Amino acid sequence: MTDVKPEVEEAPSQAALALAPEVMATSLNEYMRGTYLRIRGGDSGVLPVVAGLILISALFQALNPHFLTASNLVNLLIQGAAYMLLAMGEVFPLLGEIDLSIGFVGGIGGIIVAELVKSQYGWPWWAAILAALLVCAAIGLLQGTIITRLGLPSFVVTLAGLLGWQGVMLLMLGNGGSLPINDNVVNDLASGNLTPAASWVVMILIVAVFSARTWRRESRRRSSGLVAPPASVTLIKIGGAALAGIVVVLICNTDRGRVVPIKGVPWVVLIVLGVLAMWTALLGRTKFGRYLYAIGGNAEAARRAGVNLTTIRTVAFSLSSMTAGIAGVVYASRLRSVSTALDGGTLVLYAAVIGGTSLFGGRGKAIHAVLGGLVIAAIDNGMGLQGYSAAAKYVVTALVLLASVTIDAVARRGRLAR
Amino acid sequence: MTLPVPQTREGPLLELRHVEKHFGAVQALTGIDLDVPAGKVTALVGDNGAGKSVLIKCIAGIHQPDGGEIVWEGRPVHLRSPRDSSALGIETVHQDLALCDNLDIVQNMFLGREKLHRIALDEEAMERAATETLSSLAVTTVRSIRQPVASLSGGQRQSVAIAKTVLWNSKLVIMDEPTAALGVAQTTMVLELVRTLAGRGLAVLLVSHNMNDVFGVADRVAVLYLGRLAAVRPAGELDRQSVVDLMTTGESSRMTEASGPA
């Protein structure tokens, strides 16, 4: 018992080294090496989707020089906003389940807002949006309760939701088939812009807050000897955020109007950033988020640790539907109406998967959804510029989806093989 | 009934008195009398179906005994759920470990009992506590405490699962076949850890099939045979053959020669 001498050290520490993530690094060099090893080890994070985005952009730019112009890029951001929001909603259930219904749940959210701001009801815009989000959250709560209390597969319940809520949406739209929105604030959510000066101010504020928080947190961790990336990496992160902010504002502040000048960052960019910040904090910094990942990783372990699976899962479905409601309002706002043409089908939901949220559960972040939404928007937009039909868009999006699920599955096998 | 073992305190941490358990007509445990003292490793061995799992499940609060008494620190207790047991300081390391692969070591160790700073998770406090616990147990082969558990070797995972029980100031740690899936080097590592726990004054109840493990770490050996305790002896009074005899037939001629009746 006391004569057990650890020749143990060798094997495990080598195994650890192969996947020792960047968190171990003390210098920039080591950090890069750790990241490289981690990617080779199958934990590729956002890398494939960023690479894909660059590839798609290069391809469309080669086909059509209009693709990378400022006006088209801003347009792409506005078009993509609904996808990004929808996909962020899908991240919650995808950490262990799936929700196919949120596209049409979002559509119902759009209709509620359009109805309530009509002159005959005369609700203020904020009350209408609040009501719509509450209804969407309630729908999610209902579906989540059915799934968790009755123990039915989420696939089946939300597939029923996909059909059912589409039916409800068509009923609400009636024969006219289209419901215009007569409220300027609601319409400006997607179509309005900050002034160019305000765009700079807001961007600088956001970057400053992000930088200050990141720097403070990571330097405090470094000084108290906890696991933290080296200072150079923190600076690169902050620099990257500032650069991204400047590029976005420069693009958005370029005049993109045909008749009258149109400049400035669209409001909708702020909405997406706001939801992204909230959901990132919820997933990464709270008990709820931690339990959601735990359930996705090993539900039995979470249950033994005293996590209430039913409640956490139900809330996840509810939050997912509420986020879909935000997406629905933004979508309706861009078109200034809701019509029966609204496509809440399943394809757009997979923006989250394309962005890198694992269908196998337990992995994924809100930022993945935003990137995935950008990919779908880029495909949609680029193929639209080339005059391809909706049919062709579906085929290409399907192929991209297949590719991303393949990457996920292969990466997963790489991890398990270790 | 049980052999008197040297005690540093007034009595053993956990005493089972005439514990009975049956499932329908099947008598799983019959009149089990077992002391589990603090600071010692008690090995629980027995053939498949001898009742090892049922016995530890009774202690862990998963099953309720049909007869007899469970006495904890001198007081009779009723363990109606795993929650009751962990409230007393009884933690079980299950064979499947119950770790979340996608979470890192700190996150796993604090799962279900996270420290909070207002409503946000207090990662720094948790990381500090986890680091302290791991280093106090001399678990040093882990490169980073922020590694996902998926990237750990089997022995390291076992170490994390064990460290988790220590973090919660448990007094009795039940381990179900902790080395069953491990290689030689990793088994050594885990067995060292088991000794460390006992050295810190915890009671360890080790369920095992493996004679090397049993004689490597156990202070006392309890042999179950068909739901009865065939023998409880200090490990020094037994040898491999006598334990195997006890496991397979319920008695051993070698043992009675070596020492008096149980």
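This briefing walks through the main features of the predicted model shown above. It's a predicted model, so local features need pLDDT of at least 70 and side-chain atom pairs count only at pLDDT 80 or more, while totals for chains, interfaces and linings use all residues. Residues are numbered from 1 along each chain as its sequence is written, and chains are lettered from A, with ligands numbered from 1, in the order in which they are written.

**Chain B as a whole**

- The secondary structure of chain B comes to nine helices and twelve strands; helices (H or I, at least four residues) and strands (E, at least two) are DSSP runs, numbered from the N terminus.
- Chain B has a radius of gyration of 19 Å, close to the 18 Å that the globule rule gives for 262 residues, so it's as compact as a globular protein of that length. The radius is taken over C-alpha atoms, and the rule is 2.2 Å times the number of residues to the power 0.38.
- Along its principal axes, the C-alpha trace of chain B spans about 60 × 40 × 35 Å.
- Buried residues make up 53% of the 262 residues in chain B. Here a residue is buried if 20 or more other C-beta atoms lie within 10 Å of its own, exposed if 12 or fewer, and partly exposed in between, with C-beta atoms placed from the backbone.

**The six-stranded sheet in chain B**

- Six strands of chain B make an open sheet with mixed pairing, in the order β6-β9-β10-β3-β11-β12. Two strands pair if DSSP finds at least two bridges between them.
- At the edges sit β6 (90–93) and β12 (228–234) of chain B, each pairing on one side only.
- Strands β6(B) and β9(B) (residues 172–176) run parallel and are joined by four bridges. Within this sheet, B:V93 has B:M175 in β9(B) as its bridge partner.
- β11(B) and β12(B) go the antiparallel way, over six bridges, and B:L224 stands opposite B:L229 in β12(B).
- Those two strands, β11(B) and β12(B), form a hairpin with two residues between them, and B:L226 in the turn has a positive phi of about 45°.

**Helices of chain B**

- Helix α8(B) (residues 240–249) lies across β3 (41–46), β11 (220–225) and β12 of chain B, at about 25° to β11(B). Axes are lines fitted to C-alpha atoms, for helices over the stretch in contact, and angles run from 0 to 180 degrees between N-to-C directions.
- The 16 residues of α6(B) (residues 184–199) should span 22 Å at 1.5 Å a residue, and the end C-alpha atoms are 23 Å apart, which agrees. The expected span is 1.5 Å times one less than the number of residues.
- Buried residues of α6(B) include B:Q186, B:M189 and B:L193, and what covers the buried ones includes β3, α5 (154–167) and β9 of chain B.
- After α6(B) comes B:G201, with a positive phi near 95°.

**Helices of chain A**

- α11(A) (residues 267–285) and α12(A) (residues 287–297) pack at about 70°, with their axes 5 Å apart. They're therefore roughly perpendicular to each other, a label for angles of 65 to 115 degrees.
- Among the residues making this contact are A:L282 of α11(A) and A:F288 of α12(A); two residues are in contact if their C-beta atoms, placed from the backbone, lie within 7 Å.
- α16(A) is mostly covered, with 17 of its 20 residues buried, and just after it A:G387 takes a positive phi of about 80°.

Methods: Parallel < 35°, antiparallel > 145°, perpendicular 65-115°, else oblique.
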